[in-house]
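Student: I am new to this structure. Can we go through the words used for it and test each against its cut-off?

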Amino acid sequence: MHTEICDLLHIKYPIIQGGMAWVAEHHLAAAVSEAGGLGIIASASATAEIVRNEVRKVKELTDKPFGVNIMLLNPHAPEVAQVIIEEKVPVVTTGAGNPEKFLKDWKAAGVTIIPVVASVALAKRMERSGADALIAEGCEAGGHIGELTTMALIPQIVDAVSIPVIAAGGIGDGRGLAAVIMLGARGAQVGTRFVVANESIVHDNYKKRVISAKDIDSTVTGRSTGHPVRSLRNNMTRNYLKLEEEGKSFEELELLTLGSLRRAVVEGDITEGSVMAGQIAGLISREQSCKEIMEEMTDEACRVIQKGW
């Protein structure tokens with residue numbers, strides 16, 4: 001399976017690993033890149049020096065292309081944006097904001113720029129600003145989400161822009177990859193399935209919770225604050241939703257989730273921690289290496305597209 005995304009990013013498979021906070025660090029990013037996809041380091045709320053260290057560790061593990069995801073709400077985003085240039089990171093993806101103020105310098109440095117978008121309007125704006133491709137993410141995804149589903153969002157964005165579109169949200173096997181290719185996407189960003197990869201540093205409790213998840217096990221918190229997040233149901237999400245129903249303030253709700261993702265990912269607290277995962281978790285049944293995941297997905301996608309099943 002070869003698309004223009006493979007040519008743009010110099011990768012074997014049209015698969016990008018999601019920029020998941022606390023999950024997408026150098027071990028996972030290097031493993032995905034080494035296996036033929038595009039590994040991504042998630043900068044989340046990290047400082048520039050932490051990101052620089054992660055970038056250098058990836059370079060020690062692979063000579064393949066990789067990227068860094070910048071959450072633009074991060075107060076350190078300007079410094080992290082400079083690290084991208086200084087460390088010659090080949091690809092940057094962005095989320096939670098508008099990256100326009102960084103684009104000129106990134107373009108001058110030869111960085112391939114791929115913003116994450118959840119609407120046609122933002123997709124058009126990013127194309128006008130000089131983005132090389134787009135990641136269009138549907139609300140089936142884990143973590144911070146928009147409103148439109150992947151099925152509805154992808155063809156509308158594909159029709160609205162001329163640059164390549166990468167689909168994200170609800171893609172966990174070859175059938176999903178084939179489906180978004182048929183909708184006009186040129187590749188897929190995969191998050192939840194890589195959470196349970198052998199090379200992922202996520203706590204075993206987290207991995208087992210994803211693997212045991214059923215189709216209806218995810219829920220969305222934070223709609224009342226304008227910052228919806230999809231996670232697997234647990235005591236934390238139940239308490240959060242209860243407080244939302246009671247009309248608690250954004251600050252009160254934030255106190256409940258402060259440090260909760262780290263507790264789940266690093267410490268394995270899947271009761272009070274934030275177990276972010278997409279709706280596709282119900283389809284994921286085992287741990288595999290990144291190489292096995294990508295080969296299985298692309299082989300299945302090619303078979304489905306060629307034979308129709």
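Predicted model: local features only at pLDDT ≥ 70, side-chain atom pairs only at ≥ 80, totals over all residues.

Tutor: Residues are numbered from 1 along each chain as its sequence is written, and side-chain values use heavy atoms, with hydrogens and water left out.

Student: What makes α11 and α12 roughly antiparallel?

Tutor: Start with the elements: helices (H or I, at least four residues) and strands (E, at least two) are DSSP runs, numbered from the N terminus. The axes of α11 (residues 235–245) and α12 (residues 250–257) cross at roughly 175° and come within 10 Å. Axes are lines fitted to C-alpha atoms, for helices over the stretch in contact, and angles run from 0 to 180 degrees between N-to-C directions. Angles under 35 degrees count as roughly parallel, over 145 as roughly antiparallel, 65 to 115 as roughly perpendicular and the rest as oblique. So α11 is roughly antiparallel to α12.

Student: Which residues of α11 and α12 make the contact?

Tutor: From α11 come Met 236, Asn 239, Tyr 240, Leu 243 and Glu 244. From α12 come Leu 253, Leu 256 and Thr 257. Contact means heavy atoms within 4.5 Å. By class, the contact of α11 with α12 has 5 nonpolar, 2 polar and 1 charged residues. Here Ala, Val, Leu, Ile, Met, Phe, Trp, Tyr, Cys and Pro count as nonpolar, Asp, Glu, Lys and Arg as charged, and the others, Gly among them, as polar.

Student: How do you know whether Glu 54 is buried or exposed?

Tutor: Buried means under 20% relative accessible area, exposed over 50%, partly exposed in between (1.4 Å probe, protein chains only). Glu 54 has 14% relative accessibility, so Glu 54 counts as buried. Glu 54 lies in helix α3. Leaving aside neighbours within four places in sequence, Glu 54 is in contact with Glu 25, His 26 and Ile 41.

Student: Why is α2 called largely enclosed?

Tutor: Helix α2 (residues 26–34) has 7 of its 9 residues buried, so α2 is largely enclosed by the rest of the structure. Those buried include His 26, Leu 28 and Val 32. The buried residues of α2 pack against several elements, among them β2, α3 and β3.

Student: What makes β3 mostly covered?

Tutor: In strand β3 (residues 66–71), 5 of its 6 residues are buried.

Student: How do you know that β2 and β3 pair?

Tutor: Two strands pair if DSSP finds at least two bridges between them. Strand β2 (residues 39–42) and β3 have 4 bridges, in the parallel sense. One case is Ile 40, whose bridge partner in β3 is Gly 67.

Student: What makes β7 and β10 edge strands?

Tutor: An open sheet of 3 strands has the order β7-β11-β10, with antiparallel pairing. β7 (143–144) and β10 (218–221) each pair on one side only, and are the edge strands. β10 is joined to β11 (residues 229–232) by 4 bridges.
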